[in-house]
Amino acid sequence: MSKSLYIAEKPSVAQQFADALKIRGRRGDGCIESEDAVVTWCVGHLVTMSYPDAYDPSLKRWSLETLPFLPKEFKYQVIDSVAKQFQIVSRLLNRPDVDTIYVCTDSGREGEYIYRLVAQMAGVKGKTQKRVWIDSQTEEEILRGIREAKDISEYDNLSASAYLRAKEDYLMGINFSRVLTLKYGPAVANYLKERSSVVSVGRVMTCVLGMVVRREREIREFVKTPFYRVIGSFALEGPELAGADSAGPDLTGAEPAGSGSDGGSFHFDGEWKAVEGSRYFGTPALYKENGFKERKDAEDLVSFLGENPPVTAVLAGKEAKKETKNPPLLYNLAELQNDCSKMFKISPDETLKVVQELYEKKLVTYPRTDARVLSTAVAKEIGRNIGGLKGYGPMAAFAEEALRLENWKTIARTRYVNDKQITDHYAIVPTGQGLGAVRNLNPLSEKIYQVICRRFLSIFYPPAVYQKYSLDLERQKEHFFANFKVLVEPGYLKAADVGESKSEENGDAGDAENRKDAKNPAFLALLKKLKKGDVLNVSGFSIREGETSPPKRYTSGSMILAMENAGQLIEDEELRAQIKGSGIGTSATRAEILKKLFHIKYLALNKKTQVITPTLLGEMIFEVVNASIRQLLNPELTASWEKGLTYVAEGTITPEEYMEKLNRFVAGRTLGVKQLNNGYYLRTNFDSAAVYYNNKKKDRVKEKEET
């Protein structure tokens, strides 16, 4: 009797497939078998690329004479630690009674590569091989994936891009690490007073190192510039205050001050700006339009404004408008890693581990995705995901309200559904299933699950609505501006419940920095009645000193976003969505790349703040690469390699074309380094970096200067 073989990436996933297929057979050594089916598993990678000495034993010794190393045919070998499982899988793949193989490894480039290597090493021939492509591990999705499995040949382009990615990392790593170690390793080791030093470089990790080092140097070189702003305090008064109701919407920007027979008054701040007509408009005394370079000029303005009492201001303009804010797009892995870094102070690697766990427990969809939208097909069934969350206490009320609002019925016509923005997988969303596993989650895992649920549910709520007021107050042809923002309808913020939502609810008083969180509807009533030409008393003028700020250091989360956007740290969410493209690395590899840089001590991570800084060794490696293969530090170039792999997966270019370009690049840069003779420049650059790290290095520089 013929059997079908199902091969998963991990034992836990294999068990999910066995359960979905109702395979109740015996659990043997490395597989689960019934009368008509066998389920087996890899344990991650079972096969890897061989080191150069597998091609020629003499290549074990690093030598400039043997570089560049560019094999025509690549060799692979079974990983020793998992050799037993490979033998089990290999035997099953070639069993005479197995006629159909269902490939159930993770649905992505890396999952494809894991199976293809195993099949290649096992020498699979004459079998029907089908690819199972799923977005979650719920029973219905597993069965759908098996039912709709396509012939594996339809994924040959994806497989080719996976092989090329590995060859690219291998060739750059082997050639560049060896040539740079041989050329510059002794200089690095001597400077650090160590016996030896290996210069580790890679297509992606060296680029990330460069981003961090450049940012650190921008911060060091930054010179703070002081500036002085003039702030006016204005009184808003009216008899309505005495009998005003105390309930109403929150308003930021107003502070009640005192009370009297007229019911009291509110004071708010306005910020001076040098608009046209100001005595300072266009003068060199200004720092931008709202400050002065010198305190004396700010003091002169305050004196001028205090002349000719009574000190009042006329309302020269008032603008009132409604503003709506839509729910953000759904989570992809990078966005989730960034938010978890900010909210829970955990690394991207930790976030990925948690979300992978949630995925394997059927709670969420596939985590290694770049998409932030749903597919049209999923949108048709999304009511089930929402309905399932009614069974999860913390989300039940939001899920019920989302269903009642019925926005989910038309979600396909919104920006949250777009098939063109999906490559392998749609956004990370809760499945609405597997809720029995929640009780076994640790507190952090459940918090992250709730973050995913809240982001998901919020897209079925209406926008948040704000009332905004902008005031233009004139005193002796000088203008002050005050802004107020009132949350009128919370909309999706009810479900979102994140720190950013809270800050929105508290309002934003804009340029005048009115952040007093007042909650008095009487002020709002007076604000509404204000009209052009009204006169307000001025309580006084003050000077606020500020200074320009240096660039921010990367955090583990913001670095993931910067990698996703080809080295650009774009904090505006909608702008990120607009320019989205192939970045540095992939959603599946970025966290691991950062982890490696921390492990080899090129970068340091503050676990409490998640702030990333370079180490002295990291800065020295940066100098080595900058003096030899500078292109590796270029984010745009690194992203272009990733884009090329995407083109291969899409069938736009052939693997042969890509490989020719790769060999040419590796050979050219390796030969270029061999011809360099610039090591003597590095000592000075090492010294320049060392002064920022420890006193020992500072003393070395001082001794050098004295001699």
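Let us start inside this predicted model, at the second largest cavity, whose lining residues divide into five nonpolar, two polar and one charged. The residues that line this cavity are Met172, Arg203, Gln631, Leu632, Leu637, Thr638, Trp641 and Phe665. Helix α21, residues 635–650, supplies the largest share of that lining, with three residues. The volume of this second largest cavity is about 40 Å³.

The side chain of Arg203 forms a salt bridge with that of Glu642, with 3.2 Å from N to O. This pair brings together distant parts of the chain, since Arg203 sits in the loop between α5 (156–192) and α6 (205–221) while Glu642 belongs to helix α21, 439 residues apart. Both Arg203 and Glu642 are buried. They also take part in a network of salt bridges that links Arg109, Glu110, Arg165, Glu168, Asp169, Arg203 and Glu642.

How many salt bridges does the count come to? The count comes to 43, and two further examples are worth a visit. Glu271 and Arg229 meet through their side chains in a salt bridge of 2.5 Å, N to O. Here too the pair links distant parts of the chain: Glu271 is in strand β12 (residues 265–273) and Arg229 in strand β10 (residues 226–237), 42 residues apart. Glu271 is buried, with a relative accessible area of 1%, and Arg229 is buried as well, at 11%.

The other example stays within one helix. Glu112 and Arg116 form a salt bridge, and their closest N and O atoms are 2.9 Å apart. The two residues are four apart in helix α3 (residues 109–122), so about one helical turn separates them. Glu112 counts as buried because its relative accessible area is 0%, and Arg116 is buried too, with 14%.

Sorted by class, the lining of the largest cavity has six nonpolar, three polar and one charged residues.

Two single residues let you look at the fold from other places. Is Ser50 buried or exposed? Ser50 is buried, because its relative accessible area is 2%. Ser50 lies in the loop between β5 (47–49) and β6 (76–78), and beyond its neighbours within four places in sequence it is in contact with Tyr55, Lys75, Tyr76, Gln77 and Tyr170. Ala320, in strand β13 (residues 312–325), is partly exposed, with a relative accessible area of 45%. Not counting residues up to four places away in sequence, Ala320 touches Gln467, Lys468 and Tyr469. The C-alpha atoms of Ala320 and Leu471 are separated by 8.9 Å, although these residues are 151 apart along the chain.

Finally, how confident is the prediction? The protein has a mean pLDDT of 89, and 89% of its residues reach 70 or more. Confidence is highest in strand β8 (residues 128–131), at 98, and lowest in helix α15 (residues 499–506), at a mean of 43. The pLDDT is below 50 over residues 499–518, a stretch that has 58 contacts in the model beyond near neighbours in sequence. Residues 700–707 also stay under 50, with nine contacts beyond four places in sequence. Where pLDDT is low, the predicted coordinates should not be read in detail.

Notes. Residues numbered from 1 in each chain as written. Predicted model: local features only at pLDDT ≥ 70, side-chain atom pairs only at ≥ 80, totals over all residues. Heavy atoms only, no water. pLDDT = per-residue confidence, 0-100. Contact = heavy atoms within 4.5 Å. Buried < 20%, exposed > 50% of the residue type's maximum accessible area, 1.4 Å probe, protein only. Nonpolar A, V, L, I, M, F, W, Y, C, P; charged D, E, K, R; others polar. 1 Å grid on protein atoms, 1.4 Å probe; cavity = no way out; pocket = protein on both sides within 12 Å on 5 of 7 lines; lining within 4 Å. Points joined across faces, edges and corners; volume = space filled by probe spheres on them. Salt bridge = Lys/Arg side-chain N within 4 Å of Asp/Glu carboxyl O.
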